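Let's take a walk through this protein chain together. Have the sequence and the model side by side, and we will go from one part to the next.

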Amino acid sequence: MPCDNQFEEDFARFLDNAPDVVRFGKLPLQFSFSIPYTDTRGNLRHYYPDLIVVDEARVDHLFETKG
């Protein structure tokens, strides 16, 4: 997986060795996947998570990998 920093690379290694993780991948900005939300001033913003992880129960998890 392409990584933007060392923390992301370490987390990817962790996921690669986690027995309950089936697959994972980076969500690049080109995919335009975002979660809209309203900030404290009422402005519409978009959150772009870093990774999607699927566990053995086939549950999708979104992760932010800021150190």
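Which residues does Leu 51 touch, not counting residues up to four places away in sequence? Keep in mind that this is a predicted model. Leu 51 touches Met 1, Phe 11 and Leu 15, then Gly 25, Lys 26 and Leu 27, and finally His 61, Leu 62, Phe 63 and Thr 65. With that list in hand, let's see where these partners sit in the fold.

The protein chain has one helix and five strands, and along the sequence they follow the pattern α-β-β-β-β-β. The helix, α1, covers 6-17, while strand β1 covers 21-26 and strand β2 covers 35-38. Strand β3 runs over 44-47, β4 over 51-55 and β5 over 60-63.

Now for the overall form. The radius of gyration of the protein chain is 14 Å, whereas a compact globule of 67 residues would come out near 11 Å. Along the principal axes, the C-alpha atoms fill a box of roughly 40 × 30 × 20 Å. Of the 67 residues, 25% are buried. If you count contacts with a separation of 6 or more, 41% of them join residues 24 or more positions apart. The accessible surface comes to about 5,100 Å², and carbon and sulfur atoms account for 53% of that. As for charge, the protein chain carries 7 positive and 12 negative side chains, with the centres of the two sets 6 Å apart.

The largest nonpolar core has six residues: Phe 11, Leu 15, Ala 18, Val 21, Leu 51 and Val 53. Two elements, α1 and β4, each give two or more residues to this core. Ala 18, another member of the core, lies in the loop between α1 and β1. Ala 18 counts as buried because its relative accessibility is 12%, under the 20% cut-off.

Is Val 54 buried or exposed? Val 54 has a relative accessible area of 6%, so it is buried. Beyond its neighbours within four places in sequence, Val 54 is in contact with Asp 20, Val 21, Val 22 and Arg 23, as well as Val 59 and Asp 60. Ile 35, by contrast, is 19 residues from Val 54 in sequence and 18 Å away in space, C-alpha to C-alpha.

Setting aside neighbours within four places in sequence, the contacts of Asp 50 include Glu 8, Gly 25, Lys 26 and Leu 27. Phe 63, Glu 64, Thr 65 and Lys 66 are also in contact with Asp 50.

On the helix, have a look at Glu 9, which lies in α1. With a relative accessibility of 29%, Glu 9 counts as partly exposed. Glu 9 and Asp 39 are 30 residues apart in sequence, and their C-alpha atoms are 30 Å apart in space.

Ser 32 sits in the loop between β1 and β2, and its phi is near 60 degrees, a positive value in a residue other than glycine. Ser 32 counts as exposed, at 56% relative accessibility. Arg 58 is found in the loop between β4 and β5. Phi of Arg 58 is near 65 degrees, again a positive value in a residue other than glycine. Arg 58 has a relative accessible area of 55%, so it is exposed.

Notes. Residues are numbered from 1 along each chain as its sequence is written. This is a predicted model: local features need pLDDT of at least 70, side-chain atom pairs count only at pLDDT 80 or more; totals for chains, interfaces and linings use all residues. Side-chain values use heavy atoms; hydrogens and water are left out. Helices (H or I, at least four residues) and strands (E, at least two) are DSSP runs, numbered from the N terminus. The radius of gyration is taken over C-alpha atoms; the globule rule is 2.2 Å times the number of residues to the power 0.38. Buried means under 20% relative accessible area, exposed over 50%, partly exposed in between (1.4 Å probe, protein chains only). Contact means heavy atoms within 4.5 Å. Accessible areas come from the Shrake-Rupley method with a 1.4 Å probe; for residues, only the protein chains shown count as cover. Lys and Arg count as positive and Asp and Glu as negative; His and the chain ends are not counted. The place of a charge is taken as NZ of Lys, CZ of Arg, CG of Asp or CD of Glu. A nonpolar core is a set of buried Ala, Val, Leu, Ile, Met, Phe, Trp, Tyr and Cys residues joined through side-chain atoms within 4.5 Å.
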